[in-house]
Amino acid sequence: MNPCDRFATSVHQLENLLSNWSTYIEDFSLKDIQNNDNHLYLKQENDYLKEKLTSLQRSLDFQKEEFESLLDYSEKLERLLPKKVLPNLSSDSIPMESIQNAHRPLLLQHKDMIKSWKEELKVLRNNFATSVESMYVYLFHQLGGLVETFHCHQIQWMKHRQENRRLHRYIQEWKGNIRVVARIRPSLLGKDCTPLLDFIGDDMITCRPFNSNPLSFTFDQVFPPHLPQDSLYEELQPIIASIWDGFHSCIMAYGPTGSGKTFTVFGPDGKSGVVQLAIRTLFDLVLENNELNLVPTISMLEIYNETVRDLLSEDPLANLEVHEDTTTGDVFAKGAVEMEMSHYSDALRIIQSGLDFRTTSATLLNISSSRSHLLCILKLRGDHGNTGSLYIADLAGSERVTHSHTQSERLDETKHINRSLSSLADVFSALRNQQPHIPYRNSRLTFLLRPALSKTGKAMLIVHVSPEEEELSETIQTLRLGQRARDIELRPSKGQDSSNILLRRQISLLRQQLADERNKSK
């Protein structure tokens, strides 16, 4: 019997019990009238029975309320569920088991759906993780391939760029252009120079003045601050070796005070500079051509306040006169000493003895500022006469008096330095514009450099600049002069006998090509 049937039976029994108790009480009341002796006892029994009847009546009312709530619940179920699921419920019987049985399939269906959803979610998670991993591996391999391809193209680009630069150098050599390279000194304050100067490739500098548009300058080669001293030597080797081809060549270190010119030319303490490199090259030529009995020589001339001094003579303060050989066109300082160098250590001793007599002084811009131009003239003498000559010029730095705060004697030095550098700029301008008259004689410096800066010469200009913000004006002026000098062609003018000059240039180019091919074969 289900709970609803049992509940209906219980209610029916209670109704019968109440009816029986009512009949019993009525009968008992009649007997009570007849029996007066038991009146008190029966009255008490009657009260008890009435209380019992009241309690049963309350229980019956409660049971009826429960029954009505069950009927309401059954009606709601009938409205919510299809009629096929639940049987028709009546007030006589409430089939609770039918309700449970009707809910059980729906609950099982929901459980199955949730279970299937969980399984699908698990599969999706696994598939997603697998797809992400596969995509990561694919992208990693693709990126690796792109990086490898990029490196291959970069190597190819570097090879083509080097080849283009080599061919461009041959063209420039054939045309006789002055080669111009730029070198940037590291910051003395430990600051990065990139806010002021940017380097694009290895041949362009972009200067970024504050509150102004950027300025770009192109050179044959640019040496940023982090490159060591040895990186400059590759560019210098061809012009140093041209002394063997009979050229009068020069290497000029140009720039404002404190930009590192002397560091480049003579190197720091215990290390080599351009002069030491050139001397090593001369000794290599001597060994390669031992049968010619070649002897390298050196002269060291100082141009101080437009007076020429010989730093290797016994009287380094004596003023020498500058003369020109009308036959050969050579310019020389009369009485200057040419000392032979027997070996490399002997050359270092001679150089140091000359540097000891050079005029230097402390300024606000440099504690050991060169107050003069210094020319190291290297030559090769042999049984068949002289070959060419190489002028290595450590030029005094251009400076503004308002920056250096020089006075009296230092002020006169600054004026002479700036005047001679202006004369050099005038010579560059005249050569660039191919003017018929070149003002070599306006300065002792340009007059002595005339053989190298003429149609029969070869020249390289190393412009030095500082990354400091305070030197911005001097940096821009130096870079502009270097870029203008790069357009100068030291080629023979029309009507001049250029057969020997062109032949020398062709021999020099063939030597360079042969050296390049030997390097490639190695």
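Colleague: Is Arg-208 buried, partly exposed or exposed?

Modeller: First, the ground rules: this is a predicted model, where local features need pLDDT of at least 70, side-chain atom pairs count only at pLDDT 80 or more, and totals for chains, interfaces and linings use all residues. Residues are numbered from 1 along each chain as its sequence is written, and side-chain values use heavy atoms, with hydrogens and water left out. Buried means under 20% relative accessible area, exposed over 50%, partly exposed in between (1.4 Å probe, protein chains only). Arg-208 has a relative accessible area of 37%, so it is partly exposed.

Colleague: Which residue meets Arg-208 in a salt bridge?

Modeller: Side chains of opposite charge can pair when their charged atoms come close. A salt bridge here is a side-chain nitrogen of Lys or Arg within 4 Å of a carboxyl oxygen of Asp or Glu. For Arg-208 the N to O distance is 2.4 Å, and the partner is Asp-198.

Colleague: How many residues apart in sequence are the parts that Asp-198 and Arg-208 tie together?

Modeller: Helices (H or I, at least four residues) and strands (E, at least two) are DSSP runs, numbered from the N terminus. Asp-198 lies in strand S2, and Arg-208 is in the loop between strand S3 (204-207) and strand S4 (215-218), so the pair ties together parts separated in sequence by 10 residues.

Colleague: How many salt bridges does the structure hold?

Modeller: One of them joins the side chains of Glu-468 and Arg-185, at 4.0 Å, N to O. That pair links distant parts of the chain, 283 residues apart: Glu-468 in the loop between strand S16 (457-465) and helix H11 (472-485), Arg-185 in the loop between S1 and strand S2 (197-200). Both Glu-468 and Arg-185 are buried. The number of salt bridges in the structure is 13.

Colleague: Which residue forms a salt bridge with Arg-441?

Modeller: Arg-441 is exposed, with a relative accessible area of 56%. Its closest N and O contact is 2.8 Å, and the partner is Glu-324.

Colleague: How many residues apart are Arg-441 and Glu-324?

Modeller: Glu-324 counts as partly exposed, at 27% relative accessibility. In the salt bridge of Arg-441 with Glu-324, the closest N and O atoms are 2.8 Å apart. Arg-441 is in the loop between helix H9 (408-432) and helix H10 (444-448), Glu-324 is in strand S9 (residues 322-324), and the pair links distant parts of the chain, their separation being 117 residues.

Colleague: Where is Gly-255, one of the residues under the UniProt annotation "binding site"?

Modeller: That annotation comes from an unreviewed UniProt entry and also covers Pro-256, Thr-257, Gly-258, Ser-259, Gly-260, Lys-261 and Thr-262. UniProt positions are given in the numbering used here, feature names are shortened, and annotations may be inferred rather than shown by experiment. At 1% relative accessibility, Gly-255 counts as buried. Its place is the loop between strand S6 (248-254) and helix H5 (261-266).

Colleague: What separates the C-alpha atoms of Gly-246 and Gly-388?

Modeller: Gly-246 lies in the loop between helix H4 (233-241) and S6. At 17% relative accessibility, Gly-246 counts as buried. Gly-246 and Gly-388 are 142 residues apart along the chain, yet their C-alpha atoms are separated by 3.9 Å.

Colleague: What is the phi of Glu-306?

Modeller: Most residues other than glycine have a negative phi, and most peptide bonds are trans. Glu-306 is in the loop between strand S7 (295-304) and strand S8 (307-310). Its relative accessible area is 24%, so Glu-306 is partly exposed. Glu-306 is not a glycine, although its phi is positive, at about 65°.

Colleague: And what is the phi of Gln-434?

Modeller: Gln-434 is placed in the loop between H9 and H10. At 47% relative accessibility, Gln-434 counts as partly exposed. Gln-434 is not a glycine either, and its positive phi is about 55°.
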